[in-house]
Amino acid sequence: MTVTKPTPASATSPGHVLAVLRAHGPLTRLELQERVGLSRVTLVERLDVLRRLGLVRQTGHRESSGGRRAEVLEVDDTTPTALVADLGQSHATLAVTDLRGTVFARDDHKLPVRHRPADVVPVLLEAGRTLLRRTKRADTLRAMALSVPGQIDHDRGVTVAPPTMPDWGGTPLRDPFAAAFGVPVLLENDANALALGDYYAMGRPESTVVGVKVGTGIGAGVVISGRIHRGESGTAGEMGHMRIEGSDQRCSCGRRGCVAASASGQALTRKLRSTGVRSMADVVRRVEEGRGDAVRAAAEAGRLVGTVLATVVTIVNPRYVRVGGAIGVLPPFLESLRRTVEANAHASALRNLDIEPSQLGENGAFVGLAGLVADEMLAPSTVDALVAQRSKATR
């Protein structure tokens, strides 16, 4: 599906009406009319268009004070479907969701070390088709969103040499998925997707949220009043490649001393190899069992990540920090990280700072990606472009 290039929405357009209903709903027609300032006839026309597009639905009635009960309307974000995928150094996970991030089905794949796009992309395409058939939601698919480590060239729809996945540098990701599924394809950094997921789960606060993902690698995402901060060249949040003073450990990016080289899941696996650890899952299991060597290693990793996070907190001054990833949510890691940030960040930046583990578990990226799809597909300019396209097609 190709959507006409969005143009700025007017304050009276269907897209604007939907945005008001999304921000303040559920609302009756009268309540909506008062907020958008349209005549009753014009509002009915706008709502009729939005209903036909499957974007608005009735959700109940207001209690009557003597007359006819008023119909209550809301944005329909549960009927439209998103196909979301989280691709990492050792895994690829796909899910079919609604625009709220409700997961209807998912498919997990373990990937070999140094996997290549030519081997993985066809697997993801077939898995996506299978999930859509299984859930019987192919007809309501509106967009796909894919998260990957490292930088993304959003204009060209390609990855930019993620350090942990060197064979994926310059890989076109948008085109093959758009061609296969016929819908717009959104790309996002994996840590950004996690940060967005927690932001949405907290009810979209008018605050700054820093999401830290510590899994195979280390990354961070910054969400400022609902918008991802990517930076001038798309490298904002590359916290894993900040250097630790006194460390000379070689990193996968080619430099030495990066915090990811000493505190990531990959680094912990290497450190504990002599004890029989062979994978990040082994690290997690041993920490959960209370094995002393693993607990100490996780706590030290938390201290190292907390050291660089203290700098991020001082500079960005967020209200919330949410830590996710298989290693990031481990209590010894998180407790050590929190203590280190509190000991090293500027005192003013610590006021009201809330550091907690992500509450979304393994579905965190999916919630973020589904919300990204919702923000894109329900944006006023996108909706108005779709209305114009449908109107042209029916002439």
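Here is a short chat about a few features of this predicted model.

Visitor: Where do I start? What order do the strands take in the open sheet of 3 strands?
Guide: The order is β1-β3-β2, and the pairing is antiparallel.

Visitor: Which strands stand at the edges?
Guide: That would be β1 (27-28) and β2 (56-61). Each has a single partner strand, so one side of each has no neighbour in the sheet.

Visitor: And how many bridges are there between β2 and β3?
Guide: There are 5 bridges, in the antiparallel sense, and β3 covers residues 71-75.

Visitor: What holds paired strands together in general?
Guide: Strands of a sheet pair through backbone hydrogen bonds, and that can be parallel or antiparallel.

Visitor: Okay, helices now. Which strands does α1 lie across?
Guide: Helix α1, residues 14-24, lies across β1, β2 and β3. Its angle to β3 is about 100°.

Visitor: What kind of peptide bond joins Gly-25 and Pro-26?
Guide: A cis one, with omega at about 0°. Pro-26 sits in the loop between α1 and β1.

Visitor: Changing topic: what's the phi of Arg-204?
Guide: Phi is near 55° there, a positive value in a residue that isn't glycine. You'll find Arg-204 in the loop between α6 (190-201) and β11 (208-214).

Visitor: Why does Arg-204 count as partly exposed?
Guide: Because its relative accessibility is 34%, and partly exposed falls between under 20% for buried and over 50% for exposed.

Visitor: What about Ser-225, where does that lie?
Guide: Ser-225 is in the loop between β12 (218-224) and β13 (227-228). Ser-225 isn't a glycine either, yet has a positive phi of about 50°. At 38% relative accessibility, Ser-225 counts as partly exposed.

Definitions and conventions: Residues numbered from 1 in each chain as written. Predicted model: local features only at pLDDT ≥ 70, side-chain atom pairs only at ≥ 80, totals over all residues. Heavy atoms only, no water. Pairing = 2+ DSSP bridges. Helix = DSSP H or I, 4+ residues; strand = E, 2+ residues; numbered from the N terminus. Contact = heavy atoms within 4.5 Å. Axes fitted to C-alpha atoms, helices over the stretch in contact; angles between N-to-C directions. Buried < 20%, exposed > 50% of the residue type's maximum accessible area, 1.4 Å probe, protein only.
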